[in-house]
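Notebook open, model loaded. I'll start with the overall picture and then look up a few residues.

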Amino acid sequence: MMEFLIQSVWVVPCYALIGGLLAVPWSPGILRRTGPRPAGYVNFIMTFLAFLHSLLSLPATWHQPPQQIFIPWLNTAGLDLTIAIEVSSVSVAALVVITGINLLAQVYGFGYMEMDWGWARFYSLLGLFEAGLCALVLCNSLFFSYVILEILTLGTYLLVGLWFSQPLVVTGARDAFLTKRVGDLFLLMGVLALLPLAGTWNFTELAEWAATANVDPTVITLIGLALIAGPMGKCAQFPLHLWLDEAMEGPVPSTILRNSVVVASGAWVLIKLQPVLALSPIVMSALVGIGAVTAVGGSLIAIAQIDIKRCLSYSVSAYMGLVFIAVGTQQSEAALLLVLTHAVAAALLVMSTGAIVWNSITQDVTQLGGLWSRRPVSGIAFIVGTLGLIGFPPLGSFWALLKLASALWETQPWLVGLIIVVNALTAFSLTREFGLVFGGKPKQMSERSPEVHWPMILPMTILLGFTLHLPLVLQSLSLLPNWEMLNKDVALLLIWSSIFGCSLGGVVYLGNLVSKPVRLPWKGLQDLIAYDFYTPNLYRLSIVFSVDIISKVTDIVDRFVVDGIVNLVGLISIFGGEGLKYSTSGQTQFYAFTVLLGVGLFGVLVSWQFWGDQFLDLMYSYISVILNS
């Protein structure tokens with residue numbers, strides 16, 4: 001039975017795909033009699049089957065070597081596109097996380113989308129998302145991983161743009177799609193350039209090749225930079241980070257999946273490519289630099305946001321920055337642990353904030369307050385999600401951050417300091433959000449804001465319990481780092497940074513010692529952080545302006561040069577035809593004369609290279625004689 005489950009685990013992505021296809025008939029205009037709700041129930045059943053299959057397969061893969069499954073697809077002209085699948089404890093555990101979070105997100109969507117008629121489209125796209133993510137973690141081929149990432153980019157565009165009648169939603173979907181496409185284009189260049197060097201796209205074979213590869217440093221650096229561009233876009237890293245902020249305009253149930261596991265899809269590919277990227281020190285330094293800038297910048301920007309969902313989006317970018325640092329310092333195990341612990345805590349935080357958005361008039365945290373007495377479950381979920389995301393023992397992220405920082409303590413202590421600073425900033429940011437939303441006295445916008453109904457409370461409570469018990473789950477699976485192997489000084493620094501961030505946030509936003517809204521002494525610094533370091537303005541002045549100018553120049557060339565030449569040829573043809581119409585007599589000798597004249601002109605043109613020079617010399621001599629005389 002266990003062997004059958006392992007050999008058939010590649011079917012797991014098909015469950016969600018089938019569920020998404022079965023939901024299509026309930027789209028508006030096809031099935032109306034039952035309403036759209038059956039679309040959600042069908043997807044829930046298929047996702048539950050996928051979760052059950054993954055969960056039952058996990059014990060059979062534990063402490064077992066990875067198994068390879070090859071599905072032939074295309075083999076022509078020396079190009080072998082065989083779908084390679086790797087079944088390991090890590091990939092199957094990732095399946096459990098993806099299907100489990102999506103299962104809870106679908107139940108959450110039953111309540112959140114209760115009065116929405118877009119159930120069929122929404123749940124079909126959730127099925128596409130789940131199928132793509134499950135296929136990605138099983139895929140052992142760089143080429144097919146790229147194809148799956150493209151499908152996820154399309155899914156992001158469609159899900160964010162679900163409520164397409166709203167202008168902000170359309171803008172967010174468009175920007176998310178275009179921003180990711182920039183990274184995907186460079187990623188495709190890297191994928192195609194890597195094949196002639198390594199001779200394979202298989203991740204396992206790429207790791208073996210990288211262990212003994214002797215390649216030109218410049219070439220591998222350019223390829224490595226191209227390969228990390230795609231994950232930069234997927235993980236919302238600077239400067240391709242703005243899309244995640246705007247994508248928050250989509251439905252919250254899809255945000256649960258996107259902010260927890262979809263943003264980590266790029267990190268997953270990055271971790272698998274780590275042996276290849278390690279061939280270039282410049283690429284590894286670029287990973288660390290990008291991650292450091294995004295982690296610090298995202299943490300600072302999150303503190304200055306007033307939209308409840310955007311506060312979380314920048315924290316997600318900051319956390320993914322830490323994953324980039326882990327990959328850049330070759331700490332792959334710490335990177336995987338960071339991805340896992342972040343997925344659980346981030347999903348819980350999104351559920352908590354989504355419950356506030358669902359039945360509140362505003363998303364502005366400065367206009368909320370006093371919801372602790374009205375929303376106890378949402379408040380507790382937010383607290384547990386916050387503690388699960390920062391270095392607070394014994395919850396999950398504490399062990400992930402400690403494992404990463406302990407490995408860097410001896411070699412790169414400045415990165416340890418950066419991790420501690422980011423942890424403190426994240427703790428302060430989330431405590432600030434909690435204080436503004438749940439603390440204080442009720443305001444006009446939050447006086448009538450009761451707790452949400454059970455379809456949203458149930459998945460939130462389940463995930464809350466799992467977040468609390470995540471260390472025990474990690475310990476049972478032998479994934480919890482050994483305390484004796486970790487640095488105790490780093491552990492104390494992490495704990496104190498969490499306490500300092502939470503305490504400072506509590507003093508400022510839960511007490512009355514500081515007047516609110518909080519203003520920095522220098523308004524320029526406050527505006528710099530609040531407006532995302534003016535990154536959108538820089539985009540408008542550089543990329544958007546350049547594209548606009550190029551588009552206008554291209555339009556002018558197209559209308560006046562290309563169209564002008566085509567129109568000129570057309571006019572010549574028209575007038576030539578009209579002229580021939582009136583100049584022909586219909587007599588045979590006239591046609592014969594025309595043919596002979598044409599042949600004669602053609603002969604002159606062809607033989608010009610033989611007698612043209614002599615003719616010109618003769619004419620020059622004749623003119624000279626005339627002038628001399």
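This is a predicted model: local features need pLDDT of at least 70, side-chain atom pairs count only at pLDDT 80 or more; totals for chains, interfaces and linings use all residues.

I checked burial first: 50% of the 629 residues of the protein count as buried, meaning under 20% relative accessible area, with exposed over 50% and partly exposed in between (1.4 Å probe, protein chains only). Residues are numbered from 1 along each chain as its sequence is written, and side-chain values use heavy atoms, with hydrogens and water left out.

Next, the fold. I find 25 helices and two strands; these are DSSP runs numbered from the N terminus, helices being H or I of at least four residues and strands E of at least two. The C-alpha trace spans about 110 × 60 × 60 Å along its principal axes. Of the contacts (heavy atoms within 4.5 Å) with a separation of 6 or more, 80% are between residues 24 or more positions apart.

Then I looked up T353, which lies in helix α16 (residues 332-358). Buried or exposed? T353 is buried, at a relative accessible area of 2%. Leaving aside neighbours within four places in sequence, I see T353 in contact with I308, L312, F382 and E433.

Last, I565. I located I565 in helix α23 (residues 535-583), and I565 counts as exposed because its relative accessibility is 52%.
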